[in-house]
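Try each task before you read its solution.

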Amino acid sequence: MPTTPHPRPPARRTRRPRRTVRLLLGLLLAGGAALATAPAATAGSQDAGRAAATIVTSTGRVGNSVAFTFDDGPGQNTGQMLDVLRRHNVKAVFCLWGDHVRQNPDMVRRIVADGHVLCNHSMTHADMGGWPADRIRSDLQATNDAIRSAAPGATVTYFRAPYGNWGQAADVAAQMGMVPLGWRADIGDWQPPGADALTQRLRERITQGAVILMHDGGGDRSQTVTAVDRVIPEFRNRGWSFDLPAR
Ligand SMILES: [Zn+2]
């Protein structure tokens, strides 16, 4: 999508905003007592920061269960992804980008009609890690309004922060009745490396209970469509179920 900056989620190990790191360094210099007030570290997950609301990263089921989530759409490959999911009878979560919702309202209706679950992914995919709560709330509300303008009465179950940079967004989303949705693994499909490589990454990164982050929007996601189409029957034949994230 030439007019839209390519959304590149940060590497999984660099969740904490630099601003927060500087704050922590300042607190360290100020003395050990200040550490008691420092934000809690959340090593190994993308939900760094001050969020008190729980950020869901699993299906909430034991055993061979995985949840597929698709971000940044609706986009040029969303229809193909819906075809694939329908053929395999898999329900997934679509994290919708408000501006793209306005451009593709028909596709939002199709996502809902096919029985998938909606997730608010903000209006413009801005990094809201440093935003005050009021600004986050109005953006999330505008996004839900856009979604419901496209698909009247639609339920928006989840919210996912752009770039996984949560700041206060998890708390605000929870206050608005949406479940903050993180992920356990992504497949790096924002820089498509070829359908074979994506297929292999998906095979390797599906683990028990994992929420997997992929993309149906924000660019050419045809390789992701191919990888999903290949991997679903492989895992289903081995007894895996395709579920929704916990809520
Ligand atoms: Zn995104």
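**Exercise 1.** Which residues are exposed on the other side of α4?

Before the solution, two notes. This is a predicted model, where local features need pLDDT of at least 70, side-chain atom pairs count only at pLDDT 80 or more, and totals for chains, interfaces and linings use all residues. Residues are numbered from 1 along each chain as its sequence is written.

*Solution.* Start with the helix itself: α4 covers residues 105-113, with helices (H or I, at least four residues) and strands (E, at least two) taken as DSSP runs numbered from the N terminus. A residue is buried if 20 or more other C-beta atoms (placed from the backbone) lie within 10 Å of its own, exposed if 12 or fewer, and partly exposed in between. M107, V108 and I111 are buried. Down the axis of α4, the directions to the C-beta atoms of these buried residues fall within an arc of 105°, so they line one face of the helix. On the other side sit the exposed D106 and A113.

**Exercise 2.** Find what the buried residues of α4 pack against.

*Solution.* Contact means C-beta atoms, placed from the backbone, within 7 Å. The partners are α2 (78-88), β2 (93-96), α3 (98-103), β3 (117-120) and α5 (133-150). Just after the helix, G115 has a positive phi of about 90°.

**Exercise 3.** Is M178 buried or exposed?

*Solution.* First locate M178, in the loop between α6 (169-175) and β5 (179-180). Then count: M178 has 24 C-beta neighbours inside 10 Å, so it's buried. Finally, beyond four places in sequence, its contacts include N120, Y158 and A173.

Key
Contact = placed C-beta atoms within 7 Å.
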